[in-house]
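The points are meant to be read with the structure open alongside.

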Amino acid sequence: MLVPIPFYLIITIKGVVNLNVSKKGNKLSLISALLIGASAALIVVSMFFPWWRMLFIAPQYPEGLNIIVYPNKLEGQIDIINGLNHYIGMANFSEENFPELGYLIYIVGGLAALTLITALLRNKKVLYGLIGIFMIGGAAGIWDLYSALKRYGSNLDPKAPIHMDPFVPPIIGENTVANFITHSILGTGVYFVIAAFILLLIPLWKDRKVK
Amino acid sequence: MKKWVPIASGLLAGFAAATISFADFSSNAKTTETASSSNKSDAEKVYVPFGKKDDYYLFASGGHSGQMFIYGVPSMRQIRTVPVFSQDSATGYGFDEHSKKMMGDYTWGDLHHPAFSETNGDYDGKYMFATDVGNSRAAVMDLKTFTVKDILNVPNTSGPHCAAFVTENTEYMFLPTRFAVPLGQAYESLDDYSTKYRGVMSAVTFDEKNTKLNIAYQVALPPWSYDLSDAGKKSSKDWAVMTTYNTEEATTNLEINASQADRDFIVLFNWKELEKMVKDGQYEDVGGQKMIYPEKQKGGIYLVPVAKSPHGVDVTPDGKYFIASGKLAPSMTVFSFEKAFKAIENKDFAGERNGIPIINYKSVMEREVNPENALGPLHTQFDDKGMAYTTMFISSEIVKWDPKTGKTLDRVPVQYSPGHSVAAEGDTVSPDGHWLVALNKIAKDSYLSVGPSHPESMQLIDISGKMKVIQSSPVNPEPHYAQMIKADKIKAINVYPKDENNKEAVYKKDEAKIVRNGNKVDVYGIAMRSKFIFDAKAKRPDVIEVNEGDEVTIHLTNLDFDEDITHGFAINSYNLNMEVQPGQTNTMKFTAKKAGTYPIYCTNFCSALHQEMTGYFLVKPKQ
């Protein structure tokens with residue numbers, strides 16, 4: 001998720017400006033505001049859960065090995081996976097190799113704050129802006145993950161003992177690499193974010209203009 | 001008449017009838033389980049398919065192999081051999097620094113009687129103790145790793161056959177000796193046997209925090225042979241019993257000369273009292289050991305006459321009785337602790353022997369049990385109902401009997417000549433029943449022939465109903481006794497955890513280094529799939545180069561924190577090999593006596609590129 005920080009600042013300022021020029025037709029109902037508030041809470045909750053994980057299963061590892069991605073850390077049997085991946089010349093997974101893990105948590109936190117502000121402002125236009133940020137952020141996140149998977153799967157050390165053609169593991173779904181079958185799975189955190197996003201959409205329908 | 005009365009009573013009656021017909025009144029689910037297990041064929045009872053595990057661990061003593069054999073029950077599959085008193089190149093035991101130091105100059109041992117650590121008289125699954133009759137040692141194995149942590153050399157004694165047995169909360173492990181020797185094993189003429197020789201018993205304590213064995217005190221018992229023993233339980237928990245033979249004090253041809261007296265003794269002692277005597281200074285210093293002389297420091301030790309040359313003595317699960325097995329007398333004798341306590345209180349003695357009071361046999365004996373034609377009773381185990389199972393060495397069978405009535409309940413032939421047997425948790429305060437394993441001394445024609453000598457044999461007996469031998473398993477020499485523990489009591493670890501305080505460990509491969517200081521070379525290396533790194537910054541990180549005569553210390557850390565990814569480390573032609581288990585740091589020390597070029601390789605198959613996991617040990621010749 002490489003959404004530039006300045007972008008947020010502009011949006012926030014825009015929100016404040018909107019507050020000053022808000023008209024009655026743009027005012028969201030209290031229930032909508034509460035839903036948006038709940039959305040902010042879900043985003044906060046999502047930070048404590050894994051967002052994505054890759055499960056590696058092999059004949060020798062029936063219990064499976066995991067790379068579990070949180071917004072701010074990696075968990076799972078990373079060392080073992082790295083140890084095995086070196087046979088095909090794959091670079092090491094580590095928190096240092098993912099600078100995103102250093103600031104992603106602040107972006108998510110910022111998003112939660114923006115959502116909360118939106119709830120307080122109860123302004124439809126700000127909500128549109130927020131939904132826009134959500135969509136851009138989501139797209140950026142998917143692109144970031146895809147590029148990481150591509151980076152790891154394509155830049156294999158040509159001197160590795162086992163030669164493999166470059167590959168890109170899917171963001172969701174199954175892939176086979178040598179004796180391993182990998183399963184890419186969305187984590188609980190992402191489901192919280194999706195739920196948060198849906199909560200943002202409901203007010204649009206609820207406070208639609210009735211003609 | 002009220003209409004609801006017949007309707008209500010009809011419903012009630014119907015409900016009651018249905019309850020009686022269909023409800024399950026069985027008190028617990030176990031009954032159903034046992035019932036269904038009795039419907040299984042013998043093959044089904046012992047078959048443990050892949051994905052399932054055995055219900056019990058069996059720890060069988062390895063006798064003069066010096067090892068411990070770990071089996072699974074009911075499959076009777078051998079899972080692991082754990083070296084205890086003997087070198088074992090497969091695990092590097094006796095080669096790496098820790099085990100080499102523990103072994104001292106000894107290369108073999110004779111592991112006789114294993115004993116689990118206990119809490120409240122029940123196995124707690126934390127430690128296993130064992131004694132070495134060959135070289136008078138005691139050892140403790142940590143059951144988190146199934147590796148030996150400490151070995152204790154026991155002075156003034158020779159061959160602690162009559163051990164190990166632990167008290168109810170592992171306060172002590174007692175090591176009475178099989179051979180009497182002069183104190184300090186000094187030279188003394190055998191003509192002075194009765195005056196100069198002693199059968200010393202050692203009280204060993206276990207310091208769990210430092211995993212160290214220590215001798216608390218010793219007792220200079222008469223120069224007899226002490227054969228087997230058991231600690232009291234519950235009401236008798238402060239007491240212990242052991243059998244003797246050669247109270248004749250014969251010094252030659254024991255087969256004949258130690259079998260003359262009609263009666264030998266059971267030594268009955270109160271270890272709490274002995275502990276207090278030591279605390280009060282009632283002992284003499286013998287080469288740094290606190291020695292109690294029973295004829296001088298009176299109290300706490302008594303003799304109970306028993307039919308000649310008994311072997312086993314076993315305390316019933318309720319702690320009320322101890323049962324001596326006759327060996328040369330065809331009977332088991334049940335003694336009452338309560339009666340013994342009363343006799344001691346009333347000084348109901350029939351004189352003394354070597355300064356130790358002898359309790360009147362009639363005052364303490366509960367009953368003599370003599371199953372028809374059962375010969376050579378050696379050792380007794382118990383089931384969940386308190387029933388006794390005694391091995392008959394000569395008539396080659398297991399006899400089940402009731403200690404409370406003496407009635408024989410069942411018997412089953414075994415092939416051949418059982419020494420001990422072991423029941424599921426069969427020497428604790430709460431035996432499990434169901435399984436008993438006969439530890440047979442002679443396999444003879446049981447298995448495919450491997451020449452004139454054969455392995456020993458362990459036979460699994462289902463004791464949940466009528467006793468039946470359902471499996472037979474060969475075992476290397478030679479189980480003397482075993483312990484069977486419920487599998488879920490043992491909490492083994494999968495990998496060694498990182499120990500950041502360990503200065504010999506290297507947890508980052510870039511930090512592997514070789515430190516040279518004069519003629520000392522210290523290697524802080526790592527092993528990982530599939531390479532060694534001894535010096536991360538060197539042109540060839542997997543090479544160790546030293547000068548002839550250098551003192552070389554190699555600390556090797558296995559960086560694969562992955563279950564069962566064990567690496568080996570061997571130097572060709574240097575007679576060196578050790579293993580490093582996942583996450584473990586192990587050390588090897590030696591002098592580079594031979595100049596030349598010696599390949600290094602991983603001996604424990606670790607990965608597809610295990611064969612490539614090599615390096616070189618280069619020794620520059622002296623100028």
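Predicted model: local features only at pLDDT ≥ 70, side-chain atom pairs only at ≥ 80, totals over all residues.

1. One helix pair to look at in chain A is made of helix H2 (residues 30–46) and helix H6 (residues 188–206), which pack at an angle of about 170° with their axes 8 Å apart. That angle makes H2(A) roughly antiparallel to H6(A), since angles over 145 degrees count as such. On the H2(A) side the residues that meet H6(A) include A:Ile31, A:Leu35, A:Leu42 and A:Val45, while the H6(A) side includes A:Phe192, A:Val193, A:Leu199 and A:Pro203. Sorted by class, the contact of H2(A) with H6(A) has 15 nonpolar, four polar and one charged residues.

2. A second pair in chain A consists of helix H4 (residues 100–121) and helix H5 (residues 124–154), which pack at an angle of about 160° with their axes 10 Å apart. H4(A) and H5(A) are therefore roughly antiparallel to each other, and their crossing is left-handed. From H4(A) the contact draws on A:Glu100, A:Leu111, A:Leu114, A:Thr115, A:Thr118 and A:Leu121, and from H5(A) on A:Val126, A:Leu127, A:Leu130, A:Ile133, A:Gly137 and A:Asp144. The residues of this contact of H4(A) with H5(A) divide into seven nonpolar, three polar and two charged.

3. Where the two chains meet, four residues of chain A are in contact with six residues of chain B. The side of chain A that touches chain B is made up of two nonpolar residues, one polar and one charged.

4. Turning to chain B, the UniProt record, an unreviewed entry, places the feature "domain: Cytochrome oxidase subunit II copper A binding" at residues 516–623. Over residues 516–623 of chain B the chain is 0% helix and 53% strand, and the C-alpha atoms at the ends are 19 Å apart.

5. Two peptide bonds in chain B deserve a look because of their cis form, and where do they lie? One joins B:Gln415 and B:Tyr416, with omega about -15°, and B:Tyr416 lies in the loop between strand E28 (408–413) and strand E29 (418–423) of chain B. Another joins B:Pro477 and B:Glu478, with omega about -5°, and B:Glu478 is in the loop between strand E32 (468–475) and strand E33 (482–486) of chain B.8. B:Phe146 lies in the loop between strand E6 (137–142) and strand E7 (147–153) of chain B, and with 18 other C-beta atoms within 10 Å it is partly exposed. B:Glu249 is placed in the loop between strand E14 (239–245) and helix H6 (254–257) of chain B, and with 17 other C-beta atoms within 10 Å B:Glu249 is likewise partly exposed.

6. Is B:Trp435 buried or exposed? B:Trp435, which is in strand E30 (residues 435–440) of chain B, has 24 other C-beta atoms within 10 Å and is therefore buried, the cut-off for that term being 20 or more. Leaving aside neighbours within four places in sequence, the residues in contact with B:Trp435 include B:Tyr56, B:Val73, B:Leu460 and B:Met484. B:Met484 is 49 residues from B:Trp435 in sequence, yet the two are 9.2 Å apart in space, C-alpha to C-alpha.

7. Finally, B:Lys342 is found in helix H8 (residues 337–345) of chain B, and B:Lys342 is partly exposed, with 14 other C-beta atoms within 10 Å. B:Lys342 and B:Val364 are 22 residues apart in sequence and 8.7 Å apart in space, C-alpha to C-alpha.

Key
Residues numbered from 1 in each chain as written. Chains lettered and ligands numbered in written order. Axes fitted to C-alpha atoms, helices over the stretch in contact; angles between N-to-C directions. Helix = DSSP H or I, 4+ residues; strand = E, 2+ residues; numbered from the N terminus. Parallel < 35°, antiparallel > 145°, perpendicular 65-115°, else oblique. Contact = placed C-beta atoms within 7 Å. Nonpolar A, V, L, I, M, F, W, Y, C, P; charged D, E, K, R; others polar. Left-handed = near helix turned anticlockwise from the far one by under 90°. UniProt positions renumbered as here; feature names shortened; annotations may be inferred. Buried ≥ 20, exposed ≤ 12 C-beta atoms within 10 Å, placed from the backbone.
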